[in-house]
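Welcome! Please take a moment to look over the sequence and the 3D view before reading on.

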Amino acid sequence: MMRPSLLMIAGLLGMLAFAQDPPAPLPESNPETAPASDSKPASRPRRRRNAESTSSQAKAESRPTDSPFTAIVDATIWPVSAPVIRRGTILIFEGKILDVGRDIPIPEGAKIIDGKGKHLSPGFIAMRALQTFGGGFMARGDESAADQADPYNIRMQMALASGITTAMEGGSPTPTGTLAGFIGKHTYGSIDGLGIRDRAVLWVQYGTTEPLRSPFGGDPIAPAAPSDQSGKQQTRDLLKRAVEFRKARAAFVADPAKAGKAPTADENTMNFVKALDGEVPVFVRASTRTELADVARLSEEFNLPITVTDATEAWASLPDLARGRLTFMLNPRQRPADGAEPRNRLLTEPSGWRPYNAASLEKAGYTFAVQPLSPTISTDGLPGRDLMALPIEACYAIRGGASDAAGLASITLNPARLLKIDDRVGSLDIGKDADILVMDREPLDYRSFAEIVLVNGRVVYEKDKSSFFNHIPTDRSTPLKGNWWRDR
Amino acid sequence: MRHLLSRFALVLALCGAAWAQLIQAPSPMPRADDPVLAIVHGRVCPIESPEIEDGVVVVRGRKIESVGKFGEVQIPSGARIIDATNRVVVPGFLEMHNHTGVSLSDLNDMVFQVNPDLRVVDFVQFDTPATRNALSAGVTTLLTIPGSGTNMGGFGVVMKTWGRTRDDIVVRFPGALKIAQAGNPERQGGDLGAGRMGMNWIIRNTLKEAQVYHLAWEAYEKGDTKVAPQRNLRFENMRLLFKKEIPIAVHTQWFQVVQSTIRILKKEFGLDPFVDHGEWEGYLNTPELKALGMPVAAGPRGFDYDRRQAKFIGIPAAYFWRGIDRNSIGINTDAPVIPQEELPLQGTMAIRYGLPEDVALRALTINPARMIKLEKRLGSLEPGKDADIAIWTGFPLDPRSRTQVVIVDGEVGYDADRDGIRF
Amino acid sequence: MTLIAMASGSKVGRLAIVALFVACVAGSVAAQERMLALHVGRAWTVSGKPIDDAVILLENGKITRVGSAAEVEIPETADLLENPTWHVTPGFIHAYAAAFGMPTGDFSGASNSADRQIATDVKPMSWEVITAAAKAGFTRLNVVSMGGGFAGQGAFVHPARKQNRDPRADDILAGSGSCLAMGFDPKTSSKKFFREALGKATKAREDAAKPKKSTKAESKPESSESAPSESKGAESKPSEAAKDPKLSPLVDVLEKRLPGILGIRAPHGLLHMMPILKEFPAFRPILLLGPDCWRSLDLVKELGVPVILPTASVLRADTDIEIPTAVRFFDAGIPVALVPENPAPAFTGFAYHLAEVVRRGVSRDDVLRSVTLTPAEILGIQGEVGSLGAGKSADLLVWSGDPFAPSSRLLRVMVAGTVVHDSEEAP
């Protein structure tokens, strides 16, 4: 937690709390709106000098004000990026986390959320989500998905009730790469700070030959790619061109006069240039050992960081994987319908799904994120397989041997890293967005519910005020609350 | 009961043909020279008695010999010791609604609207990937039943998930009659039985015929009549229902359907049905179910999303908190709708949506055993019961826990160290 | 003076009334020359309090007097219709009717047809359609084209009495340029469209407001920002942009000379439109909202604009939870115009929907106002129609009893004194 920025911002806080000027009017901008990431101390409101009141919680609680500060106090904090803090405080200002830790001075008049007995987790991040930004949702051409999002829709509310504050929707891979996918936040009831990034990921299909099937059988979730080499060749050609472009660009930047005119490239090539520049993440699906080895070689050859999805046989491919710069997005229990090993394999070859797939990746030092079996929010009644059970999926990684820390990171900080939004979300760190779950139990306890959800520092969900789960008591040995059966 | 059974067996022998009989696995009582196994230092949850912190479970042959505190229970010399330090020892789980261990394409013979003459036992497989996975998830007993394509799919079988031969795994046949009163059987168009009125008539009519058949045979067996009625294979197994030796697993999911289950199967024919595939708002029937002592196996849907209230109502929790007592509630998967190895997850989600933890554990052990009238043999850790035991790394319904060792009929069927972690 | 004693239920009596009405109508095709007096149980004036035991005098298609029987003397020369159980209300005004040949599209596109006068496209369809509007109680309809961007300028239409020939547009047209119909769907392209159009219109207003003496030196820096062709226009004549037929209606809306109606059906649409509305404070159109629009209530309050609510939308929600949408808007003091769901066949059942709104807690007075005076006010025709008062057009509805009671029937619909629907004659 101790970073240079901590000192800087703590200093700022001190300045805010003890500034000598009389109270200045609050800024006109909505305090719920996330500010730009660069700090602007000059525009921040200054507070009255009153040393006594700064840390006086009781006083603050008794006087609700329109203070721009919110403090969640006396809670067990799971920052993910750092060890657990007991009886700690998170201070929020203008949608960002201003401070995290123990013995943090609280500005006078700050809104106080009592976190006694509660657990604070970063909001969960769903790497694949459907319809949490509204139905009929699509963004083609110049359209921005953020401009279509419906922050009233009930699936967003359900996602928040499940602790998911950030999600990516859309995107499907092609050999030439598709720049697609919208990353946004569940800013229920507001479009302020909803969009994070459009066309967020470069989806590449690299010679995957087996269709992806649901663990429940039925039609494939994703079709098989052509088994010929042409698709792979397309990808590699584009990458070669992207490498050439980057060389030419470097030469042009170094000496424009000598290089002549600035280099140009077509859109597909430019997408790969962005990927090589590290601007957008590259997602490639690879399930079997052969596919995983292929992707690792591709990563090695072009020094391209790749996030591998659906890596069912990663546990058996670790020596091959070591060649590439890889991260993983997987479901820890994505397995064939009848539990059988894949057909057409030599019996001597280790293959198929293993519960310790995620754990073996962790032990080999890889970053992995977890996604649920289904990217939807299902109201059909089969529990534990959709977005609403995201933490349950992380539990399955732990069940297979992953550490508790990696389990929590797999639905918070790791997806943020894989999506390249970890400067904004994914952990409870100073300067990050205040996307916080106030939970009644530990984040990965299967009984745990988010009681309060904050996104960009704004309360967007409260269990008691929402009808979804307000009848379920924290102590399950006490009856369900209310007359939930009467109104049928 | 024993008297009746033996008399029944005698009658059958006299008839010269064993048409209907309860096939029970041999399950011999342990002998002194049977191998002995002792699970020590675990946190033992016997289910029917309080938890034991540092416990011992001694197994001889296929049966549990003793359960108790470490130091208080004598561990026979020469016993194979399984150290369960930091582990949780619970009975193997039972599942009352599934289609595991059989070929799915053989589950439904839908030529007739009712098929009480069909039986699952003829095509049960053992040691399939699905039963192996189920075993590794601590599931040791299954009531595998026919599909719900018709109003009576046939008779299911109670079987273990692990054994050396097929005869070894079959606990009892027939396990239960499968009746479906609405939903899936409605697919046939045009004929009688396309709607619920016709379907329930067919069910009642079939039960009535079976009842007449049973009474005729009973009269003959008692000596009240002299001429033996004609044998009818169609109704032979159904006699066991009227003798109350086996229950009916009823695919009954909605409020109205549960009503007809209560009205027809329980009240009109006096049989032992249990609500299987309990879903949606069927829990509104709990006062009546409770009064009649009818148990409920809820699932595979774990919650009912009530659109009018915008509320996620946990189905096992709803049945429980509306009044079904803690001994009468079960949880199922309808595998492969939910994979068989995720039966514990069904329990997990039942707790998440409001069922108390201890009740969820009962709902996977002693309660389903009671539903199929095998509570004297299965479902808890008690001396004399089948040695079906799962050793977990933590509370079994926490999805972060997995099994380390699973014992079926006294033998280690699954060992994570030996076999690799399967699930 | 013709006095018809009303024996309720007497077939002879009813036929007599029919005969009288037919006679009146036949006489009033040119103009209603004879004075007609209505002596009824209650007159809902809307502009004032309901008057019990009321007399309404009609002459030459206008209302000449409204008051209680004690105050108003019925002239000897007037024909008299008398029934103590009858109620009279002003005719209903349909504030947003995508009917009479107008498309009922969605708002997803963003094209500019602001110069389109849909009066030229109004199709009378058939006498059945016209009668359907009358039967639903509508005496004035603001017919619009539905679509994204600027869908055109609306036209006023009124029902007409059936004649023995096909209907003609002239039979029903009551005026053109009733409003500018706009539509917005949350999309990047739609946002861009409105920003650009409003930017241009705002600039045109600013230019027009500038003194004519603006010199080249002054206008140069500004012109460098905009396209050359525009700057040229702005240079030569500031009001040139305002004369652009695709832009001038929007300028008129900003100048409050023309009502603007902005259709936003998606519940989150207004949320996405808010930044644009904040950017252009002069742009405060009437909002046509859709299902679940209660979510936008706070935003509507903030904007202080009237709303048009389709009744089916306020009676229905996306969940099964019944949300008292209409009550929330009325309680918030927002002017509400209730309209049936488009298209025309949905005219039927409108009275039932209004009664449903009453059942959900909105007062009779408020509901009646929302289909009479409020739409008249927001469309700027309240001087002519929308209430019962001297000088107003004789557009009125004669009910067999309380207009919101389920047992009441709509007996007569009059437009400018002409009976356009008569329940006794209707098949």
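The report below walks through some features of this model, chain by chain.

## A predicted model

Please keep in mind that what you see is a predicted model. For chain B, the pLDDT averages 91, and 93% of the residues score at least 70. One stretch of chain B calls for care: over residues 1–18, pLDDT stays under 50. For that stretch the model has 16 contacts beyond four places in sequence. Where pLDDT is low, the predicted coordinates should not be read in detail.

## Chain C at a glance

Chain C holds 15 helices and 16 strands. Of its 427 residues, 56% are buried. Its accessible surface comes to about 17600 Å², and carbon and sulfur atoms account for 53% of that.

## The seven-stranded sheet of chain C

In what order do the strands of the open sheet in chain C stand? There are 7 strands, in the order E3-E2-E1-E4-E14-E15-E16, and the pairing is mixed. Strand E3 (62–68) and strand E16 (418–422) of chain C stand at the edges with a single partner strand each, so one side of each has no neighbour in the sheet. On average, neighbouring strands of this sheet are turned by 35 degrees against each other, direction ignored.

Within the sheet, strand E4 (residues 79–90) and strand E14 (residues 396–399) of chain C run antiparallel and are joined by 4 bridges. C:Pro90 stands opposite C:Leu396 in E14(C). Helix H2 (residues 127–135) of chain C packs on the sheet, where it touches strand E15 (410–415) and E16 of chain C. The direction of H2(C) makes about 90 degrees with that of E16(C).

Which residues of helix H13 (residues 350–359) of chain C are buried? They are C:Phe350, C:Leu354, C:Glu356, C:Val357 and C:Val358. In an α-helix there are 3.6 residues a turn, so residues three or four places apart point the same way. The buried residues of H13(C) pack against several elements of chain C, among them strand E5 (92–97), strand E7 (138–143), helix H12 (325–331) and strand E13 (336–339). After H13(C) comes C:Gly361, whose phi is positive, near 110 degrees.

Strand E13(C) is itself covered on both faces. C:Val336 and C:Leu338 are buried on one side, and C:Ala337 and C:Val339 are buried on the other. Strand E12 (residues 307–310) of chain C runs parallel to E13(C), with 4 bridges joining them. C:Val307 has C:Val336 in E13(C) as its bridge partner.

Which strands pair with E9(A)? Strand E7 (residues 164–169) of chain A pairs with E9(A) in the antiparallel sense over 4 bridges. In that pairing, A:Thr166 has A:Lys185 as its bridge partner in E9(A). Strand E10 (residues 195–197) of chain A also pairs with E9(A) in the antiparallel sense, over 2 bridges. There, A:Gly184 stands opposite A:Gly195 in E10(A).

## Aromatic pairs

Over all chains, the whole structure contains 31 aromatic pairs. One of them joins B:Phe93 and B:Trp392. Their ring centres are 5.9 Å apart and their planes stand at 35 degrees, so the pair is tilted. B:Phe93 belongs to strand E7 (residues 93–98) and B:Trp392 to strand E17 (residues 389–392) of chain B, so the pair ties together parts that are 299 residues apart in sequence. Both B:Phe93 and B:Trp392 are buried.

A further tilted pair is formed by B:Phe303 and B:Tyr353, at 5.3 Å centre to centre and with 50 degrees between the planes. B:Phe303 lies in strand E14 (residues 303–306) of chain B, while B:Tyr353 lies in the loop between helix H10 (343–352) and helix H11 (357–363), so this pair ties together parts that are 50 residues apart in sequence. B:Phe303 counts as buried, at 3% relative accessibility, and B:Tyr353 is buried with a relative accessible area of 3%. Ring pairs link B:Phe303 and B:Tyr353 into a cluster with A:Phe449, A:Phe468, A:Phe469, B:Tyr305 and B:Phe312.

Notes
Residues are numbered from 1 along each chain as its sequence is written. Chains are lettered from A and ligands numbered from 1 in the order in which they are written. This is a predicted model: local features need pLDDT of at least 70, side-chain atom pairs count only at pLDDT 80 or more; totals for chains, interfaces and linings use all residues. Side-chain values use heavy atoms; hydrogens and water are left out. Buried means under 20% relative accessible area, exposed over 50%, partly exposed in between (1.4 Å probe, protein chains only). Contact means heavy atoms within 4.5 Å. Two strands pair if DSSP finds at least two bridges between them. Axes are lines fitted to C-alpha atoms, for helices over the stretch in contact, and angles run from 0 to 180 degrees between N-to-C directions. pLDDT is the predictor's confidence in each residue, from 0 to 100. Accessible areas come from the Shrake-Rupley method with a 1.4 Å probe; for residues, only the protein chains shown count as cover. Rings of Phe, Tyr and Trp (its six-membered ring) pair if their centres lie within 6.5 Å; planes under 30 degrees apart count as stacked, over 60 as edge-to-face and the rest as tilted.
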